[in-house]
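Here is a short report on one protein model and its ligand. Look at the structure first, then read on.

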Amino acid sequence: MIDKIIETDILVIGGGLAGCFAAVRARELGADVTLVDKNNVGRSGCSVYAAGMLVFNPDWDDDIDAWLEQFSRVGEYLVDRSWAEILLRESYARHRDLVSWGVSYYRKDGTIGFPEPGEEPSRPLWLKSKYRRTCRLSEFGSKDKMLLARKKVIDSGCRLLDRIMITELLKKDDRVAGAVGFHVRTGDFHVIKSKATVMASGMLSFKGAGYGRQFNTGDGMMMGYRAGAELKSLEWGGIMYVIKECDTVIVNGPTWETGKKDDITNAKGEFFLGDEGNPGAVTLILWPLEFHAGLGPIYHEPYGVDREQFTEEIRKYEEKSEGPWITMLHRAGMDIFKDRLEQYTAFVGARPGGGLRINSKCETNVPGLFVAGDASGCGLGGANYPSGGTGMMKAAVSGHRAGQSGAEFALKTEKIQLDESDIAMYKDITYAPVNRESGFSTDHVLTRIQQTVFPYEVHMVMHEKRLQSALTMIEFFRDHFLPRLRAVDLHDLRKAHEVRNLVLGAEVLLRASLVRTESRGCFYREDYPRRDDKNWLKWVLLKEEGGKMKTWAEPVPEDSWGDTSMSYDERYSLKYTR
Ligand SMILES: Cc1cc2nc3c(=O)[nH]c(=O)nc-3n(C[C@H](O)[C@H](O)[C@H](O)COP(=O)(O)OP(=O)(O)OC[C@H]3O[C@@H](n4cnc5c(N)ncnc54)[C@H](O)[C@@H]3O)c2cc1C
């Protein structure tokens, strides 16, 4: 194993859509850019799974106030409207960037091609209810959109390094000055000295059910936290539906594909979704609440799908890299016209929307550190997933912004001299698990974390006592397992660092959840079962202080509060039914 030293203006960590946009933008502005990924750029990250991106364009009669109103209401008034507006207003320009990179889209007539400037996307979303009237989803036609993004990064003249697992940020005089990591195949130690660093390392998930949940372990968020950056909105847990017999196949409901209504029933055959009606991200919490009331299992009968349309849908989606959930069921040998599908909800980790706190320039509170995409906490989602397509919109827009701000920062910054003793210390930390002759295996610790955070009664239907007891276990893992974590090879060494970040990530989620003493959207506290507008139109924040995790709450700006004179029932369309 040899040491590799790289000097660069901008280091981008993570090569999903956010990282690619950041790298390309920084390079356009004349910065020397290095992009690293622990996997293979173009085939890694959640970005490869995404089927479409939300695009706003006033020329399509899209009304900014209606969009913001929708986000606010669905996000139960915790959405940062200023960020939401930035994302919407810049989405069309980023969509055009993607077209210029060679990414094709579904056109209005159903064919795949390159939309002309100003051409409307194929698919308006959610036309039915009064506050969901203007969303549009631009569906990718290219199966390989992320390979096209990779090509764009390389063609722009960025240095691209695959399979470098970044383990820690380097700091000098309270500034971030690069990062260290190792090559997951050769083991070579990498020191990347940079004037600015863009963290684009994706979300915090716990290697659980559902595809797209196995590789992003909140590494960047936790490295940022250890470097002194603030974390925001990490109490919101991500929940996904899983069809039991299919194990990891996740079903959002064919409703999303066909616009028709499915039957979601409890063990007694009762429909329990209330006025909200359809299965969808907004009603996710109602599944575990039903189960908690002793009324599980939950069944999904997608009668809304008609055979003819279903066959056509499958044919259409087979041509794309991503299939809808109905296609996945079909592939798993299930007959959605006959089978009653037993469904459960799985806790997967943090909800996108929480992460490292950034301002509108994607700066954190630590100079030299910028954040984009799912790693960032820009407060878009609020208490619920706001709309399909927002993940890619956020990745593209915040990626571009982070690349711009990072480049502007780097180009006026002198080269930073790092202390060799610090680098040596980080090298020791990086290889410590593989240098141990005995200790706890990574699988053992990962399983224990999952057993602690996954049960529905911990992070879906929450209660102070249960959160506290889970936290006690996580603290034990932190203090007892982590100092003796042992990796048997380089592959396992990568996992060891992921596990280390997951222990910290679990502590963050649990502590943040303890702070919010109310229920709101998909965040349900059994001991505080109502929204509390008087005390909780606030964001929860965390940071490291004196070796401890400090938590606090900050009011959401008043322009995000919505109409507080409305009655509780009018204001909150999602009703907790149990
Ligand atoms: C199944 C699924 C379907 C989705 N569908 C849609 C959709 O249709 N529309 C939509 O808008 N959104 C969708 N999303 C959400 C969307 O994919 C994400 O919001 C978006 O891709 C985030 O982009 P990103 O660049 O921030 O992160 P990612 O694309 O996840 O990229 C993060 C990258 O960082 C790398 N990385 C992580 N840790 C390290 C480390 N320690 N060192 C080096 N590299 C590291 C990872 O390998 C990865 O390549 C979907 C998500 C999933 C899981």
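By class, the shell around the ligand holds 17 nonpolar, 19 polar and four charged residues. Here Ala, Val, Leu, Ile, Met, Phe, Trp, Tyr, Cys and Pro count as nonpolar, Asp, Glu, Lys and Arg as charged, and the others, Gly among them, as polar. This is a predicted model: local features need pLDDT of at least 70, side-chain atom pairs count only at pLDDT 80 or more, and totals for chains, interfaces and linings use all residues. Residues are numbered from 1 along each chain as its sequence is written.

In total, 40 residues surround the ligand. A residue is near a molecule if its C-beta atom, placed from the backbone, lies within 6 Å of it. The closest are Gly16, Gly45, Gly212, Gly373 and Gly391. The elements below each supply at least two shell residues. Helices (H or I, at least four residues) and strands (E, at least two) are DSSP runs, numbered from the N terminus.

| Element | Residues |
|---|---|
| Helix H1 | 17–28 |
| Strand S3 | 52–54 |
| Strand S9 | 164–172 |
| Helix H5 | 219–226 |
| Helix H10 | 390–411 |

H10 gives the largest share, four residues.

Now take helix H12, residues 442–453. Its buried residues are Thr442, Val445, Ile449, Thr452 and Val453. They lie on the same side of H12, because they cover an arc of only 100° around the axis (taken from the directions from the helix axis to the C-beta atoms). On the other side, Asp443, Thr447 and Gln451 are exposed. Buried means 20 or more other C-beta atoms within 10 Å of a residue's own, exposed means 12 or fewer, and partly exposed is in between; C-beta atoms are placed from the backbone.

Across the protein chain, 52% of the 578 residues count as buried.
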